[in-house]
Amino acid sequence: MVKKKYDLLNIEIGTFKRSNDKLSIKIDKSQFRYDSLSELNELKKHQENFIDLDSIVEQENQVILTYKLSKNAKSLKELIKEKKAIRTSIAKRIMNQDILKDDTYRISLNPANIWYYPMNHVWYVYKANEAMPFDDNFSPLMKYKALVLYCLTGIAYERLLNEPKEALINNQDPMVLQVLNSENIEDLKLAINSIDDSISYQEWQKVDTKEKKTKRKFIITASSIAIVGLLLVGMVHKNDQKKLIALEDKQKIELTKLKYSSMVQSSLDNKNWKEASEAMKKAGYSKEKQTKTFLSLKEYQEAINADPKELNTVVNEIYKNNDEKVVLDLELPTGTEEKINDELKIEKAIVSYDSETLASQLSFEENKDVLLRMGQAFLENNDMQDAQSVQTKLFGLDETKGDYLKSMIDLQTATDKVKDSQKKLDEANKIDNKDKSKGDKVKVAKSNLDSAKKDEKLAKDKVDSLKNKIGA
């Protein structure tokens, strides 16, 4: 859970509030310039380097934007706690992204609007189109300088925007001077690349020095043990020597892990998935960790390649990200056991709605996640009978998921009733005005429609409540 100080994050046009994996900001409607809220829907489209916008809602005199955070994402406001190598790596990533180069949207570079994951992942939250409020008082170069200096020194971004030289007050680091003296964005990119290379080299030197010191200690200790061994019992010498060798081997293993962990990040940044997979194995990543790493980047096929047994985990994540069509393109590595191949066939049958395959597998399926997806597929294709059969079976395996599917069935029933009531109201309105019964029929039809809409809203509220409970 995020510490309290990071629950509220202030940017130029408002304050983000974080609650678990949701990040929301309320902005006065008066600051917007749209005729219809639908003009903001373009912002919901997934874009690389941006946190996904989950919903846009008008509420009284405010517009509420809600974003969905990755579990691994950390606020850039926390960056100062990281080691220098991580801070320079993140600054380098920011400059290499050069997010302001594309002027489709106006993007805040305030650290409160930026999230990261070591070593090289950076995402932005608030982006504004022409209908949205935005504070644009500084040039891109000034913003980038302030942000890079914030990453290096931890001094408040807002202060550095107004007076970049504040970075020198308690820090005469020549690296800071490099940033301050950059005359354009390309100069700044070169400066931070140079700084990151220098810091990375220093970190490796520390590791190398530590390894050499450790080896010297081994030699000294081994020599001492050898002398004592000559005076005492030879077996003691042999046992201690084995311990020392074991310790030295452990040190080499740790160093190897560190080396390949760096290669993992580099390969992921370059989208070289094969190289990243090999580096993960050499760095000692478990299959589960490999899968989670690829899932965090929405690289579903690579996640499957890492461990085909995690198929259900991968498909669950695909559905959470509304990427269901990707399932049709998934392939299992050669040699995957037949059981998992059959599971993938069912998942593809759900997405393509192969009703015959689904109906034939219903009595055999025991995976509650798969059953829920089957039930939703039947429901979306108006097969209420099979949807109810799935719900009955699912309820016996997982009561909450069973309730959730039932609530979706009830919502569909309520929605159908609204459509039917609307149709009857339309028919009543078409009755000839000379017909004296028209008024009463319209009144009854309106009443039935209002009642149906209330039932639909209650059903939808229940679906939303249970959806949160199951984490869908």
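Helices (H or I, at least four residues) and strands (E, at least two) are DSSP runs, numbered from the N terminus. With that settled, here is a walk through the structure.

This is a predicted model, in which local features need pLDDT of at least 70, side-chain atom pairs count only at pLDDT 80 or more, and totals for chains, interfaces and linings use all residues. Residues are numbered from 1 along each chain as its sequence is written, and side-chain values use heavy atoms, with hydrogens and water left out.

**The overall picture**

The protein has 16 helices and ten strands. Of its 472 residues, 40% are buried; buried means under 20% relative accessible area, exposed means over 50%, and partly exposed is in between (1.4 Å probe, protein chains only). The protein exposes about 27,100 Å², with carbon and sulfur atoms supplying 49% of that; these areas come from the Shrake-Rupley method with a 1.4 Å probe, and for residues only the protein chains shown count as cover. As for contacts (heavy atoms within 4.5 Å), take those between residues at least 6 apart in sequence: 60% of them join residues at least 24 apart.

**Two cores**

A nonpolar core here is a set of buried Ala, Val, Leu, Ile, Met, Phe, Trp, Tyr and Cys residues joined through side-chain atoms within 4.5 Å. The largest one has 69 residues, and the members touching the most others are F16, L65, Y67, L76, I94, Y124 and Y126. Helix 2 (residues 140-153) gives this core its largest share, nine residues. There's also a second, separate core of 50 residues, with Y300, A303, A306 and A349 among them.

Leaving out residues up to four places away in sequence, Y67 touches F16, D21, K22, L23, I25, I51, D52, L53, D54, V125 and Y126.

Five strands make an open sheet in the order 1-2-3-5-4, paired antiparallel. Strands count as paired if DSSP finds at least two bridges between them. Strand 1 (8-11) and strand 4 (52-59) are the edges, each pairing on one side only. From one strand to the next, the twist averages 25°; the axes behind such angles are lines fitted to C-alpha atoms, for helices over the stretch in contact, and the angles run from 0 to 180 degrees between N-to-C directions.

Inside this sheet, strand 3 (residues 22-28) and strand 5 (residues 62-68) are antiparallel partners over seven bridges. I25 has L65 of strand 5 as its bridge partner.

Strand 8 and strand 9 form a hairpin, with three residues between them. Across these pairings, K74 has Y116 as its bridge partner, S75 stands opposite W115, and I114 stands opposite Y124 in strand 9.

Helix 7 (residues 273-282) has W273, A276, S277, A279 and M280 as its buried residues. Looking down the axis of helix 7, these residues fall within an arc of 165°, so they line one face of the helix; the arc is that of the directions from the helix axis to the C-beta atoms. As background, an α-helix has 3.6 residues a turn, so residues three or four places apart point the same way. After helix 7 comes G284, with a positive phi near 85°.

T293 sits in helix 8 (residues 287-296) and counts as buried because its relative accessibility is 16%. Not counting residues up to four places away in sequence, T293 touches L268, M280 and Y285.

**Two non-glycine residues with positive phi**

N322 is in the loop between helix 10 (311-320) and helix 11 (338-352). Y353 is in the loop between helix 11 and helix 12 (355-361). Neither residue is a glycine, and here's how they line up:

| Residue | Phi | Relative accessibility | Class |
|---|---|---|---|
| N322 | near 55° | 61% | exposed |
| Y353 | about 50° | 22% | partly exposed |
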